[in-house]
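Hello,

Please find the structure below. My notes on it follow.

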Amino acid sequence: MHDGPHDHETVLEVEAPRVKFGRGAIAEVGPEAAALGLRRVALFTDRHVGRLPLVERARSSLRAAGIDVAEFDAVRIEPTDTSFREAAAFALDARVDGYVSIGGGSVIDTAKAANLYATYPAPFERYVNAPLGDGAPVPGPLAPHIACPTTSGTGSECTGITIFDFEAHDVKTGIASRRLRPTLGIVDPDATRTLPATVVASSGFDVLAHALESFTAKPYTQRLRPLTPQARPLSQGANPYSDLACVEALRVLGEFLVRAVEDASDDEAREAVMWAATLAGIGFGNAGVHVPHGMAYAVAGLVRDFVPRDYDVDHAMVPHGMSVIVSAPAVAKFTAIAAPAKHRRVATLLGADAAHDDEVGDALAGALARLMRATAMPSGLRALGYTDADVPALVEGAFAQQRLLGNAPRAVGREDLTALFAAAAAYW
Ligand SMILES: [Fe+2]
């Protein structure tokens, strides 16, 4: 039992992922796998990424290190419980002792799930976040996993989180455990040269949202202290360590995001955005995101017929970063009054100024909308095919994300979500 001032959290935990960053880093995947004692790895990619020279360099590096490779390129973009199960079945069958994933967040997340279910087979719901799943802890360490992102987005190489579309429930949810964090991230910006503008923009806004939400999350000191040290969650709320990474990520994005989207040959800008993605991954891996991501899982899960430009997909889907950023300006206005100083800092880093506390939300929302417009993002939910009639279903989907909503700097009820989805219909 705690009482008095000890009811509140006073301790933060720093989880620093191991990351290699820089051009040419992918060539070190073989020696790194060998150093981890691996002999036969499952290599996860998707059909598009699998054809990139970067993946060929990884294959030859693994071969040169004497490591067998079983390749799985059937990763679904925006994975589902079904596609996770298929990937786990492949990994079990292939009798591998480690994992290498090369691709966007979908690929890295699929490798995390395959590693989990191949190492500790269980009914699928067992490890899935409550309330949709049992939220059971991962029983022990997983096999080593080297994650190599090819989009400057998710930061999944830094986190212990994997996200998927739970088909039976029509909503995105995830599995969260320190054990899911890759053993090593190898971030080689070379891959970003071939990325189409829409992919850079969408994944770039995912990065921006990670940094914005982690920085403005409810501070860890406003949470209740967990009953045991082991119960301290991975997403512990805003804290001085994640703030460092988030501020720098936002500064870099404010300077380079538009350039990186506009010009594929702008190596400096594309490398900078990739670095921001890694930093933001460190930030949100330690703090956690909140309302825009909670709303995004409903937006992505309820998609009807939106098919994005520049994505190699044969099904309707809203790219993750797009599904997040369409709500971010509306949420910024809503959360700014709870943490005006932090929102002002973000607005400044993105090139907007606000003199008074009651102007901060509008200033930040305006800065976000300007960046979205400059990078040809949808102007809001209407551009993704949603109408007012969809709001109740969107609200229910977002309201189910209590873990994320609880990380917001102020309480978020159904009526708030209704107003937020309405405000996110169109920004210009
Ligand atoms: Fe995200």
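In which loop is the place of Glu 78? Glu 78 sits in the loop between β3 (68-72) and α3 (81-94). Helices (H or I, at least four residues) and strands (E, at least two) are DSSP runs, numbered from the N terminus.

This is a predicted model: local features need pLDDT of at least 70, side-chain atom pairs count only at pLDDT 80 or more, and totals for chains, interfaces and linings use all residues. Residues are numbered from 1 along each chain as its sequence is written.

Backbone in the loops

Glu 78 is not a glycine, yet its phi is positive, near 60 degrees.

Asp 310 is partly exposed, because 13 other C-beta atoms lie within 10 Å.

Ala 130 and Pro 131 are joined by a cis peptide bond, with omega about 5 degrees. Pro 131 is in the loop between α4 (105-119) and β5 (145-149).

A helix pair

Helix α10 (residues 328-336) packs against helix α12 (residues 360-374) at an angle of about 165 degrees, with the axes 8 Å apart (axes are lines fitted to C-alpha atoms over the stretch in contact, and angles run from 0 to 180 degrees between N-to-C directions). So α10 is roughly antiparallel to α12 (over 145 degrees; under 35 is roughly parallel, 65 to 115 roughly perpendicular and the rest oblique).

Regards

Key. A residue is buried if 20 or more other C-beta atoms lie within 10 Å of its own, exposed if 12 or fewer, and partly exposed in between; C-beta atoms are placed from the backbone.
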